Amino acid sequence: MTDSTRRYGHQDPDPQQPFGWPAPPAQPPQAPVTTPGGATVWPGGGSGGAGDGGGYAGFAQPAPVPAPQPGGRRRGRARGPIGLVAACALVAALAGGGAAALVGELTGGSDSTSRSTPVENASSKLSGVSAVAQAVSPSIVEIKATTGQGQSTGSGVIVTGDGEVVTNNHVVAGADTVQVSLSDGSTRTAKVVGTDPAKDLALIKIQGAGGGFKAAKFGDSSKLRVGDQVVAIGSPEGLTGTVTSGIVSALNRDVTVAKEQGSQDQGQDQGRGRNGRGLPQWPFEFGGNQYNGDTGSSKTTYKAIQTDASLNPGNSGGALINMSGEIIGINSAMYAPASGSASGDSAGSVGLGFAIPVNTVKADLAKLRAGGTNS
């Protein structure tokens, strides 16, 4: 039995025949696809099978490209552990950024500005009363005025770089010579430029100094309020540069003081300790009563700042200062009740002091520079 060659069948086509197997399709058929939700999608059909009109890719068609999201980025929802990890990473990043912002704020990395008192010294880290004392003390001097009756001791405030000093009239009234002790311990001679007994103010000028003094800064006494903290600097009992502090106890107190330096029998010697008859010092009138002796017949009344900062003989003419380091008053009177001893020595400050408002000083400076007044 011999084999016969068939023209048609499962055998390979006869190479001599003009036909063969059909050419393969341009693209292979696509296999079914399982979606993330578990549904099977057949080529050319929807999720339920072929012919349901779904929009999945058919044969010989490219797979659809997802529509671009705004910003040119594709977004998708992370599922399962990957989504949890991404969420944790996002929370950590936000927390880290918030912490960094907080650290930046605490370390001065923000754009906000901080405020401090004008007298704070960053290099020494001083604040409060100590900062005020350091800033203003170089502008406060001790004054010793010699008269025919003796020597009076008070204080003064440097108001210009060339050595002008404001003090009380009763400190230098009738003085033959005036000596000024500076904060560095040096002593200079001063000359009385002008006096205003009606306001108990005087202006003196340090001689032969060549300038270079640290002038105090004037504040605004009209802005004072009862309860404001204040600092007093002066030379009580000859103790140069003594610093005390307190508050403003009251405003616009009517205080009466002697206009002129009188004889010792009137109790007007403003020197240290007591006068020749052992009377208290700094005589003045307040509330219809006389304190520290007799003010005499020649006297003047002004509106004063009342303070409980400790003042003693020698503080007269010194500075009352606010917490910004500005002069807001010139200390002028204080009450020192007798101790009850036989000598009649003063008992020192009891927290009842008075100061001339600095606005009164500023308004009177031009007159003082011109020689002052006699009334």
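Let's start on the outward side of helix α4, where A363 and A366 are exposed. By exposed I mean over 50% relative accessible area, with buried being under 20% and partly exposed in between, using a 1.4 Å probe and protein chains only. Before going on, a word on what we are looking at: this is a predicted model, in which local features need pLDDT of at least 70 and side-chain atom pairs count only at pLDDT 80 or more, while totals for chains, interfaces and linings use all residues. Residues are numbered from 1 along each chain as its sequence is written, and side-chain values use heavy atoms, with hydrogens and water left out.

Now, which residues of α4 are buried? They are V358, V361, D364, L365 and L368. Looking down the axis of α4, these buried residues fall within an arc of 145°, so they line one face of the helix; the arc is that of the directions from the helix axis to the C-beta atoms. As for its length, α4 has twelve residues and spans 16 Å from first C-alpha to last, close to the 16 Å expected at 1.5 Å a residue. That expected span is 1.5 Å times one less than the number of residues. Just past the end of α4, G371 has a positive phi of about 110°.

What do the buried residues of α4 pack against? The list is β5, β7, β8, β9 (217–218), β16 (326–334) and β17 (353–357). Contact here means heavy atoms within 4.5 Å. Helices (H or I, at least four residues) and strands (E, at least two) are DSSP runs, numbered from the N terminus.

That brings us to the barrel. Six strands close up in the order β3-β4-β5-β8-β7-β6, with antiparallel pairing. From one strand to the next, the twist averages 40°. Helix α4 (residues 358–369) packs on this sheet, touching β5, β7 (187–196) and β8 (201–206), and its direction makes about 60° with that of β8. For such angles, axes are lines fitted to C-alpha atoms, for helices over the stretch in contact, and the angles run from 0 to 180 degrees between N-to-C directions.

Let's walk through some of the pairings. Two strands pair if DSSP finds at least two bridges between them. As a reminder, strands of a sheet pair through backbone hydrogen bonds, either parallel or antiparallel. β3 (residues 140–147) pairs with β6 in the antiparallel sense over five bridges, and here E142 stands opposite S181 of β6. S181 also has T187 as its bridge partner in β7. Strand β6 (residues 177–181) and β7 run antiparallel and are joined by four bridges. Their hairpin has five residues between the strands, and G185 there takes a positive phi near 95°.

How many bridges link β7 and β8? Six, again in the antiparallel sense, with V192 partnered by I204 in β8. These two strands form a hairpin as well, with four residues between them, and D200 in the turn has a positive phi of about 55°.

Two more residues are worth a look. A135 sits in helix α2 (residues 128–136). Is A135 buried or partly exposed? A135 counts as partly exposed because its relative accessibility is 22%. Y291, in strand β13 (residues 289–291), is buried, with a relative accessible area of 18%. The C-alpha atoms of Y291 and Y335 are 6.4 Å apart, with 44 residues separating them along the chain.

Finally, the whole chain. It has four helices and 17 strands, and buried residues make up 37% of its 375 residues. Among contacts between residues at least 6 apart in sequence, 63% join residues at least 24 apart. The chain exposes about 20600 Å², with carbon and sulfur atoms supplying 52% of it. Those accessible areas come from the Shrake-Rupley method with a 1.4 Å probe; for residues, only the protein chains shown count as cover. Thanks, everyone!
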